[in-house]
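Welcome to this guided tour! Open your viewer, get ready to select a few residues, and follow along stop by stop.

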Amino acid sequence: MNHTGKTDISHDTLLSAYRRMKTIRAFENRLHEDFKAGIVPGFTHLYAGQEAVAVGICSHLTDQDQIASTHRGHGHCIAKGVDVMAMMKEIHGRQGGICKGKGGSMHIADLSKGMLGANGILGAGAPLACGAALADKLEGKGHVAVVFGGDGGVNEGAVLESMNLASVWKLPLMFVVENNGYAQSTPQHRTTSVSSYEDRARGFGMPAVTVDGLDFFAVYRAAGELIARMRAGGGPVLLECRTVRFYGHFEGDTQRYRPAGDVKNAWEERDCLRRFARTSGLSPAELEAVDRDVEQLVDASVQEALKAPHPALNELHDGVYVSY
Amino acid sequence: MTRHISLKSAITEALDQEMARDPKLLIFGQDTAGGVDAGGETDTWGGVLGVTRGLYTRHGDRVIDAPPTEMAYVGAAVGAALSGFPVVAEVPFIDFMGVCFDQLLSQAAKMRYMFGGTAEIPLVVRTMVGAGINGAAQHSQMLTAMFTHIPGLKVVCPSTPHDAKGLMIEAIRDRGPVIFCEPKYLYETTGPVAEAPYAIPFGQAHLAREGRDVSIVTYGPMVPRALEAATRLAETGIETEVIDLRTLSPLDIATVLKSVQKTGRLVAADEAHPRCNMATDIVARVTGQCFTSLKSAPQMVSAPHTPVPFSPVLEKAYIPGAEQIMAAVTRTMS
Ligand SMILES: Cc1ncc(C[n+]2csc(CCOP(=O)(O)OP(=O)(O)O)c2C)c(N)n1
Ligand SMILES: [Mg+2]
């Protein structure tokens with residue numbers, strides 16, 4: 001599918017898409033720095049580089065549409081409208097965190113925003129999203145579900161079974177494959193038997209589209225058409241977005257397995273945000289105003305997070321049905 | 001020659017030496033060969049925390065990177081083992097076992113019995129267990145007891161570099177499936193390890209400390225905590241014995257009984273959730289088999305019946321430590 005031009009996208013949509021993408025970038029860049037400084041606990045997988053995917057897709061979704069995310073979930077959360085302050089507190093494990101500090105980076109969820117959770121188990125979101133999509137179908141209000149997965153993780157049996165189930169049950173579910181070329185240190189061609197995930201979809205009787213995931217407009221348009229199709233009862237679809245991971249698999253990964261110059265090239269030549277800024281038609285003044293807001297927001301979120309108290313010890317036992 | 005090396009390096013060394021000994025031995029896992037064919041340097045990962053780093057360079061294509069598809073490659077390890085190729089397969093975190101559980105629970109564990117004793121499955125599944133590194137709810141569990149419950153599987157969980165090497169070599173040479181649980185919290189702890197290969201037989205607990213008053217029975221990441229408790233208790237005049245089970249299946253109950261017959265008091269500790277874990281098992285066996293030796297009610301120490309929380313403060317409160325063991329010992333003395 002070829003997408004050019006942008007005149008059909010409103011100015012507000014463009015501005016808010018830029019704000020979300022920029023928020024993700026600033027959030028992740030800040031976490032990268034703070035992790036290096038030793039103040040961020042746990043395993044952190046940063047989404048920087050892939051912003052156009054999450055935002056291009058989630059721009060079409062409402063709070064009633066649900067998404068299931070991955071270990072690399074911050075971008076999906078921000079794109080779906082989860083509160084940035086509460087996310088930062090969560091990543092620092094503090095009171096006021098979106099999951100009360102009990103989930104952390106890999107388990108951020110906000111059911112009120114239709115965000116069913118980041119996930120520490122590869123592939124686990126797909127069956128859950130089938131259930132969400134079934135609920136949407138039974139309610140008949142045209143809501144849809146989206147499950148994100150990486151080029152490696154979508155090979156899990158849970159995902160392949162879900163593709164079959166979604167097709168058999170004709171669920172309004174979109175499988176998004178964020179193909180950033182790597183699963184940890186393993187290149188895509190060593191985890192996946194086909195070079196295009198469209199071939200997978202075809203095998204499950206699902207329409208599929210592949211787009212340049214660095215091009216917000218390509219993602220936005222393709223997702224728009226596929227989601228409209230699902231809302232009209234067309235059944236499941238797959239969208240592969242070819243994208244790039246800016247940072248290591250997780251913080252601390254030196255990425256020596258990548259070809260020399262690959263990371264530098266990604267930052268300099270394959271930046272979806274710079275591409276958006278160049279082609280969106282938004283004025284430099286508009287973009288800069290957003291940039292300033294976003295920096296302030298992220299800065300404030302870190303300050304608030306570090307000021308927030310740790311959870312009270314009695315919270316340890318809350319949230320299980322039976323505890324001893 | 002004996003050197004001081006980390007528990008993690010002791011496992012690497014055991015794998016390396018066994019790969020050299022047995023030309024049919026295979027290693028499967030995610031990123032075990034770390035970055036093969038990725039365009040840059042090869043062998044940069046070695047699994048998520050680097051245990052197999054260097055093995056690809058030395059042993060080549062017998063170190064095989066699998067896609068992140070545990071059901072397929074763990075099942076393939078079972079099948080290859082059944083077909084005469086011993087395999088060490090890595091499931092990075094025990095939390096991911098859900099994905100491949102059938103291949104272990106209903107396939108590997110059952111075959112020898114179901115097939116009338118004809119099957120041999122020389123398989124080791126390496127997996128990291130335990131909390132303490134802010135891994136949150138899905139990268140921190142201590143699911144050792146779940147595997148111990150299953151007939152047909154052996155379960156190992158070392159606490160020292162020396163034991164890690166000897167038990168890994170034994171696990172590889174064993175002719176049946178072994179779940180080898182690596183306490184990641186102890187990966188960097190160092191201790192003396194002989195360079196030459198050696199095997200530690202399964203079913204032999206280790207007396208980590210001798211004492212006359214109370215027997216503390218535990219394993220894996222709880223052992224250093226028990227030893228800390230023992231040292232601190234000794235300052236108050238209480239002499240505790242610390243037994244490191246080392247293998248949970250088979251279980252060396254004889255060593256435990258002998259100790260309790262001497263001390264008359266028992267504290268059983270497990271980092272797992274409190275219901276149906278190794279501590280409840282030990283207490284049940286001891287009370288059943290040497291009830292009259294007991295001077296007081298046995299006490300148990302374990303994590304609470306909750307998932308592992310992310311917040312470092314809550315995680316610290318979650319993990320049973322020396323303090324809880326000391327309190328339990330004191331209860332047996334009063
Ligand atoms: C069931 C399971 N197996 C393995 C892992 C470890 N793991 C976490 S992320 C990852 C690679 C995922 O690669 P991909 O799906 O391409 O996503 P990306 O990290 O590139 O976003 C692996 C192997 C896991 N979390 N869960
Ligand atoms: Mg990937």
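**Stop 1: a bridge between chains**

Select R256(A) and E41(B): they form a salt bridge, with their closest N and O atoms 2.4 Å apart. Keep in mind as you look around that this is a predicted model. How many salt bridges does the rule find across the interface of chain B and chain A? It finds 1.

**Stop 2: the rest of the interface**

Now widen your selection to where the two chains touch. Here 43 residues of chain B are in contact with 49 residues of chain A. Together the chains bury about 3,700 Å² between them, and carbon and sulfur atoms give 63% of that area. To see where chain B gives up the most area to chain A, pick W45(B), F310(B) and L314(B), which together account for 18% of what that side buries.

Between chain B and chain A, 15 residue pairs are in polar contact, counting pairs with both residues at pLDDT 80 or more. Which elements give two or more residues to the side of chain B that touches chain A? Color α3 (70-82) and α10 (312-318) of chain B to see them. With 5 residues, α10(B) gives the most to that side. Coloring the side of chain B that touches chain A by residue type would give you 23 nonpolar, 13 polar and 7 charged residues.

**Stop 3**

Are D151(A) and N180(A) buried or exposed? Both are buried.

**Stop 4: salt bridges within a chain**

Over all chains, a search of the whole structure finds 38 salt bridges. Let's visit a few.

Start with E51(A) and R25(A), whose closest N and O atoms are 2.6 Å apart. E51(A) belongs to helix α2 (residues 51-58) of chain A and R25(A) to helix α1 (residues 11-36), so this pair ties together parts that are 26 residues apart in sequence. Both E51(A) and R25(A) are buried.

Then select R202(A) and D199(A), a salt bridge with its closest N and O atoms 2.9 Å apart. This time the two partners lie in one helix, α8 (residues 197-203) of chain A, 3 residues apart, or about one turn of the helix. R202(A) is exposed, with a relative accessible area of 52%, and D199(A) counts as partly exposed at 37%.

Now cross to chain B and select R225(B) and E271(B), whose side chains meet in a salt bridge of 3.0 Å, N to O. This pair links distant parts of the chain, 46 residues apart: R225(B) is in helix α7 (residues 222-234), and E271(B) is in the loop between β13 (266-269) and α9 (278-290). Are these two buried or exposed? R225(B) is buried, at 10% relative accessible area, and E271(B) is buried too, at 1%.

**Last stop: a network**

Finally, return to chain A and select R25(A), E51(A), D271(A) and R274(A) together. Salt bridges that share partners join these residues into one network.

Technical notes: Residues numbered from 1 in each chain as written. Chains lettered and ligands numbered in written order. Predicted model: local features only at pLDDT ≥ 70, side-chain atom pairs only at ≥ 80, totals over all residues. Heavy atoms only, no water. Buried < 20%, exposed > 50% of the residue type's maximum accessible area, 1.4 Å probe, protein only. Contact = heavy atoms within 4.5 Å. Buried area = accessible area lost by both parts, 1.4 Å probe. Salt bridge = Lys/Arg side-chain N within 4 Å of Asp/Glu carboxyl O. Polar contact = N/O pair within 3.5 Å; in protein donor to acceptor, adjacent residues only side chain to side chain. Helix = DSSP H or I, 4+ residues; strand = E, 2+ residues; numbered from the N terminus. Nonpolar A, V, L, I, M, F, W, Y, C, P; charged D, E, K, R; others polar.
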